[in-house]
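Have the chain open and follow along.

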Amino acid sequence: MRRLEGSRRRGEEAVSFYKEHAASPRIYRGPIPAIEGKRLERVERRAHRDEGASEVIGSILMVALTVVTAASLVGVISFADLGPRDQVRAEFTLQAHAGEDGAWGTGDEYVTIRHKGGEAVPLADFAIIADIQGQATRYSGALLVHGDQTVFGEEPTPNAFTIGERWQTPLSGTNALTVNRGDIVSIEIVAGPGDPRVIWSGSVKAPPPDAPTEAAEPSADHTTITADPTKVHLDEEDESTITVTVRDDNGNPVNEGGDTACLATDHGTLTSATGQGDCGAAHVQATDHGDGTYTATLTANTPGEATITGTLNEDGTIDDEAFVRFVSPDPETTTLSAEPTWLKIEEESTITVQVNDQFGEAWTGPTVPVCLATDHGTLNSDTPNEDCDEEETQADEDEGQDGVYTATLTAETEGTATVTGTLDGDPITDEGTPEEVTVTFVPEDDADPTTTTIEATPTSLHIDESSTITVTVNDGNGDPVGEGGDEVCLETDHGTLSSTTGQGTCPTGETQATDVGDGTYTATLTAPTPGEATITGTLNTDTIQDTATVTFHVLTYVNDYTTNRGSVSDFENMQADDGLLATLTEGGETQGGTPTTSTFSANVIRANPVSPNQVTWTNPTNAFTNDANFANAQVTGGSNEISQIRYGLQDPTTESGDITSVILKADVRISSGQTGDAVFRLQACFQGGSCSQESNQLIGQNPGQRHTIEYDITNLRPEGGSWTWTDIENLEVIVTALKNTNPNRSFDLFWARADVGHEGSVTTYALDIENTFTNVPSAAQHDLELRYQATGDTFTLQVWNPSTSQWSTKSPTLSATSLTTWSTTLSEAEYANGEPTLRFVDNTPNGETQGTLDIDYLRVRST
């Protein structure tokens with residue numbers, strides 16, 4: 001029991017380790033948990049069964065590692081299961097060569113993996129991990145495909161591991177194995193996408209080349225059964241050799257005869273030189289070659305998959321199995337195709353037959369006769385018609401592709417050809433229904449409604465504009481017929497179609513398009529109201545498969561603007577889509593000593609509260625910028641109650657020049673109350689220092705009205721003298737709200753700042769321009785459209801939302817340096833009953849570069 005628990009614990013450590021490392025795409029080189037021997041493998045297998053192991057993985061692998069004297073160390077590792085018995089089986093071989101000096105060689109060690117039978121395994125589902133003395137190399141993903149040592153990735157199953165394929169570790173380079181005498185060589189196999197599991201673990205110590213091999217007892221658990229080849233073509237009367245390699249309890253070949261190996265198959269016939277021998281009626285005794293291997297021959301007269309099982313001596317069922325497929329060409333899995341299926345009478349179509357076996361895989365055996373017949377036109381090939389009837393054509397074998405046979409089909413007259421075929425005299429069918437392909441031959445320039453096109457120019461336009469509808473008549477190949485004479489009738493579900501022909505010979509409600517004479521036909525589409533029109537048509541009364549779509553819009557251009565910062569030139573140019581540009585320019589101050597004003601908005605709250613009577617302000621950061629958002633205080637209780645909020649200023653250290661004035665400002669309102677019922681005051685403080693007196697501007701306000709209050713503190717510097725930029729950096733602004741009577745009051749603060757006037761050489765620029773629309777018609781959707789280019793700065797477009805009293809910032813930022821079309825959809829609130837308002841602001845306010853925003857047009861598109 002102690003041995004069982006120890007083995008189980010080591011297995012759990014290995015599983016945990018490889019779950020951590022197996023998903024990595026890189027090579028892992030480092031120590032791994034030590035895992036040795038058959039007992040761990042048996043414990044892991046039992047644990048998988050007890051715990052309801054993954055359906056994909058099934059039971060654990062069996063292992064046999066062989067020490068061969070003098071020359072090499074060879075290990076053969078076989079899957080017992082990778083899921084149900086009809087899934088996959090594989091064989092792994094580990095080999096390391098000895099040098100002439102008796103030491104183990106380096107640079108030519110390798111692991112080989114061979115698929116023995118069952119289904120293909122996606123490469124992404126497993127990895128191989130080789131460990132030499134605690135240094136692990138993991139092979140997965142791209143490392144399972146390398147050089148000439150692999151056939152992975154080839155047809156018919158790319159990126160999968162299929163029957164007969166093999167893989168080897170590289171023989172040189174970073175990922176090659178290096179084995180020296182005395183090294184512990186371990187192989188770990190992990191499988192399962194997303195949650196890898198250790199499905200086999202085993203190790204062996206590499207002995208000196210001349211180490212003797214100890215005699216061992218045969219073990220049915222580790223004895224292997226292999227088949228070569230695993231796919232047999234019945235038409236070639238091939239056979240598969242079944243080999244039993246007897247191994248001991250450590251997985252090593254016994255290398256001597258004398259055992260009884262009995263084999264049985266569920267398909268075909270097993271034969272051997274020994275015959276039934278000492279085996280039962282259902283088995284054949286494999287021929288003893290005296291070296292621990294035993295062979296028999298498997299043949300079959302009918303297609304199918306054989307599973308070969310066996311027993312060793314009287315009481316040992318061999319754990320391993322082998323699989324062999326017997327195949328022949330199958331007319332029920334074989335397919336026909338034609339390319340092209342619609343062509344002119346002077347052209348040819350290629351008829352392709354893909355011959356497959358009973359398992360739906362491409363036929364790789366000897367040539368089989370493929371005969372084709374058609375009820376229209378002529379089939380042609382280069383193969384003599386030796387195996388087909390007189391009215392058939394024997395197809396050519398494509399030696400470059402497995403199971404592919406081709407012929408060409410031509411016709412001198414128009415019509416549809418039906419092509420059928422036989423495979424070795426049997427009709428090619430699909431589940432009993434005759435397989436056939438059809439090819440249509442049309443005269444040159446024959447009009448075809450399935451390839452004829454309907455186009456509209458333009459597809460998006462104003463309701464006062466018109467779109468030209470053009471029908472181009474094409475033939476069966478999609479080529480223009482190039483001449484007139486056909487009847488083209490058009491119809492629309494929105495607006496009105498017109499042409500010089502009028503209704504012509506078309507049904508009521510349709511318009512006959514004007515025949516231009518070169519295979520094209522035209523009409524004009526107009527609409528008095530916005531909406532989407534779908535244009536359909538007929539060609540000589542047959543429905544044209546193509547359609548066209550046209551969208552009519554109402555366009556309303558901007559009609560006014562207000563400049564809060566910056567300037568606008570050639571405003572009329574943005575009131576129409578005419579290619580002319582209006583220019584919005586950031587406003588700034590003149591350089592060269594002229595006094596300038598720079599505005600610093602609140603940035604960080606230094607202290608809050610500063611008074612025991614302070615009332616909590618909600619959303620205090622809303623007062624950082626002038627964006628229509630606000631901080632709010634609800635003041636309750638008796639009279640003379642106050643609420644204070646204190647802000648520090650945005651870092652102004654980038655400014656320079658002599659300061660000429662410092663004025664505190666705040667934008668405030670009383671949300672509820674009566675005239676004269678409340679006041680606001682301003683106060684200036686140095687960070688950690690003294691504060692100025694409160695301003696003597698006490699403002700009585702009507703509820704709901706916004707006012708800007710100011711406090712000039714230019715001459716109130718606490719230490720006297722001139723202001724410095726360090727003073728400005730340390731400056732704080734206190735806004736006090738005071739209610740004079742008992743009723744509760746609500747105070748709103750929109751922004752607070754200090755305006756600093758200074759003389760100097762630094763010029764700063766900013767942009768804040770509002771635009772308004774009027775008379776935008778109501779519609780299902782309103783899209784704000786802009787064609788612009790920006791230089792010197794990037795800009796943001798904001799739309800006023802009356803329901804929230806806030807500006808909504810639209811994405812993306814306006815940053816294109818060449819004329820670019822930009823649009824956004826307005827919400828119902830932003831539509832504002834036909835009078836939307838928007839503004840342009842720069843993304844670098846008070847920047848030293850003067851930016852411009854050129855606008856071709858600014859409009860609302862209503863649909």
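## Asparagine 833

Look in the loop that links helix H4 (828-831) and strand S67 (837-842): that's where asparagine 833 sits. In this predicted model, its phi comes out positive, at about 55 degrees, even though the residue is not a glycine.

Is asparagine 833 buried or exposed? Asparagine 833 counts as exposed because its relative accessible area is 73%, and the cut-off for exposed is over 50%.

## Asparagine 255

Another asparagine with a positive phi turns up at position 255, with a value near 60 degrees, and again this is a residue other than glycine. To find asparagine 255, go to the loop between strand S15 (240-248) and strand S16 (261-265).

Asparagine 255 has a relative accessible area of 44%, so it goes down as partly exposed. That class covers values between the buried limit of under 20% and the exposed limit of over 50%.

Now for the prolines. Proline 458 belongs to the loop between strand S37 (453-457) and strand S38 (460-462).

Further along, serine 811 and proline 812 are also joined by a cis peptide bond, with omega near -5 degrees. Where does proline 812 sit? Check the loop running between strand S65 (806-809) and strand S66 (820-825).

Terms used: Residues numbered from 1 in each chain as written. Predicted model: local features only at pLDDT ≥ 70, side-chain atom pairs only at ≥ 80, totals over all residues. Heavy atoms only, no water. Helix = DSSP H or I, 4+ residues; strand = E, 2+ residues; numbered from the N terminus. Buried < 20%, exposed > 50% of the residue type's maximum accessible area, 1.4 Å probe, protein only.
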